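This briefing walks through one structure, topic by topic, for a reader who has the sequence and the coordinates to hand. Please keep the view open while reading, so that each residue can be located as it comes up.

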Amino acid sequence: MSEVDTERTAPSEAGPSEAAAPGSGEGGRHLVAVLALPGFPPFELGIPSRVFGSAVDDSGEALYEVVVCTADGGPVLSDSGFTLQPAAGPEALAAADTVIVPPTHAMPELARGGPLPPEVASAIAGIRPGTRLVSICSGSYVLAAAGLLDGRPATTHWNLALEFRRAYPGVRIDEDVLFVDDGDVLTSAGVSAGVDLCLHMIRRDHGAAVTNRTARMCVVPPWRDGGQAQYIDRPVPEPTVATTTATRAWALERLAEPVTLAELAAHARMSLRTFTRRFRDEVGMTPVQWLTVQRLEVARHLLESSDLPVDLVAHRAGFGSAGSLRQHMRTALGVSPIAYRRTFQPNSVIPTHH
């Protein structure tokens, strides 16, 4: 089972889910166990340690303990020719609050629906009920082979979707998304979509402020919607071709104001037709869709971190009214603004109007 280098981007984000399980790691921190399998790609294996390891609270205390383990506690060979000596064995999976399975390039039998190696099957069987289960890219094959994705929505690398469907017809695979959050089971597409999923889980656990701080430490964008398309076939523009980058930055400073397509095109010094085409080539969505996504991000941050009334949140995010914000949030996330706020501020009693 081989992973390709070309990245696609993944799908719609589920609405906010239940809070993470109580931490069982050192000092009560949430314990994340990363299962290193033979033939693992180093980049994907390192994503959870780098992202979760960068998440700290307001006082700088680590929020997660990350442990890399193997199914039998022994060393494993990567697909890059070096051997990893793990910190732990299957006991880490049994103790974990979250288990993450990165890809493996050394189990081709899984691509045909074959069984897991006995030691891997045994280690996964030892995971406690209620543990949050996560796969990055073709790590989804491991969860599927263990029967953990049966009847559930999931994703994997777009280039593997047809093969995956043949091998695991009981899984509702969606290759058109960056990641799928199905509550206690989450799956991501290839390579950097694993970063997006880890940041999504931190946001689900601790909110936008912690996630933004984590993303800054890792020097990555703080948010790409899980429902974003996995694969956007857009070439890098020639150096002499004008781009929409400056106009996007200009628009981000004016999200609370009405911004028309004509104003965007005028700022970019392009015709409407040229601007719309170039914007879609560069971003993968229309200018109007992009503005809505950015405004939703502002609204979500305000709902998570402030006590502003919903109609004021809507105004500051550029939606104009609480009704408009409510409609957009229900469409994108499946929840109302008040329900979303209660996920992150469960004790809040905030009026809709100011």
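Cys-198 is buried, with a relative accessible area of 1%. The model is a predicted one, and every value below is computed from it. The chain is built from 14 helices and 10 strands, and 49% of its 354 residues count as buried. Among the contacts in the chain with a separation of 6 or more, 69% are between residues 24 or more positions apart.

**Cysteines**

- The structure holds 0 disulfides, and Cys-198, which takes part in none, has the sulfur of Cys-218 as its nearest cysteine sulfur, at 9.4 Å.

**Helix 1 and its buried face**

- Helix 1 covers residues 42-52, and within this helix Glu-44, Leu-45, Ile-47, Pro-48, Val-51 and Phe-52 are buried.
- Viewed down the axis of helix 1, these buried residues fall within an arc of 150 degrees, and they therefore line one face of the helix.
- The partners against which the buried residues of helix 1 pack include both strands and helices: strand 1 (30-35), strand 2 (64-69), strand 4 (83-84) and strand 5 (98-101), together with helix 6 (192-206) and helix 7 (208-218).

**Aromatic pairs**

- The structure contains 8 aromatic pairs, one of which is formed by Phe-52 and Tyr-64, with an edge-to-face arrangement in which the centres are 4.8 Å apart and the planes make an angle of 65 degrees.
- Phe-164 and Tyr-168 are joined by Tyr-141 in a cluster that is linked through ring pairs.

**A charge over a ring**

- Arg-248 is placed over the face of Phe-279, at 6.0 Å from the ring centre.

**The surroundings of Thr-211**

- Thr-211 is a residue of helix 7, and at 2% relative accessibility Thr-211 counts as buried.
- Leaving aside residues up to four places away in sequence, Thr-211 touches Leu-199, Ile-202, Arg-203 and Pro-222.
- With Arg-203 there is also a polar approach, in which the backbone nitrogen of Arg-203 lies 3.1 Å from a polar atom of the Thr-211 side chain.
- The C-alpha atoms of Thr-211 and Met-201 are 9.0 Å apart in space, while the two residues are 10 residues apart in sequence.

**Asp-281 in helix 10**

- Asp-281 lies in helix 10, which spans residues 272-283, and is partly exposed, with a relative accessible area of 40%.
- Asp-281 and Thr-243 are 38 residues apart along the chain, and their C-alpha atoms are separated by 9.9 Å.

- In general, most residues other than glycine have a negative phi.
- Val-219 is not a glycine, yet has a positive phi of about 55 degrees; Val-219 is located in the loop between helix 7 and helix 8 (245-252), and counts as exposed at 73% relative accessibility.
- Arg-269 also has a positive phi, near 60 degrees, in a residue other than glycine; Arg-269 sits in the loop between helix 9 (261-268) and helix 10, and counts as exposed at 80% relative accessibility.

Conventions
Residues numbered from 1 in each chain as written. Predicted model: local features only at pLDDT ≥ 70, side-chain atom pairs only at ≥ 80, totals over all residues. Heavy atoms only, no water. Buried < 20%, exposed > 50% of the residue type's maximum accessible area, 1.4 Å probe, protein only. Helix = DSSP H or I, 4+ residues; strand = E, 2+ residues; numbered from the N terminus. Arc of directions from axis to C-beta. Contact = heavy atoms within 4.5 Å. Disulfide = S-S within 2.5 Å. Phe/Tyr/Trp six-rings, centres within 6.5 Å; stacked < 30°, edge-to-face > 60°. Lys NZ or Arg CZ within 6 Å of the ring centre and 35° of its normal. Polar contact = N/O pair within 3.5 Å; in protein donor to acceptor, adjacent residues only side chain to side chain.
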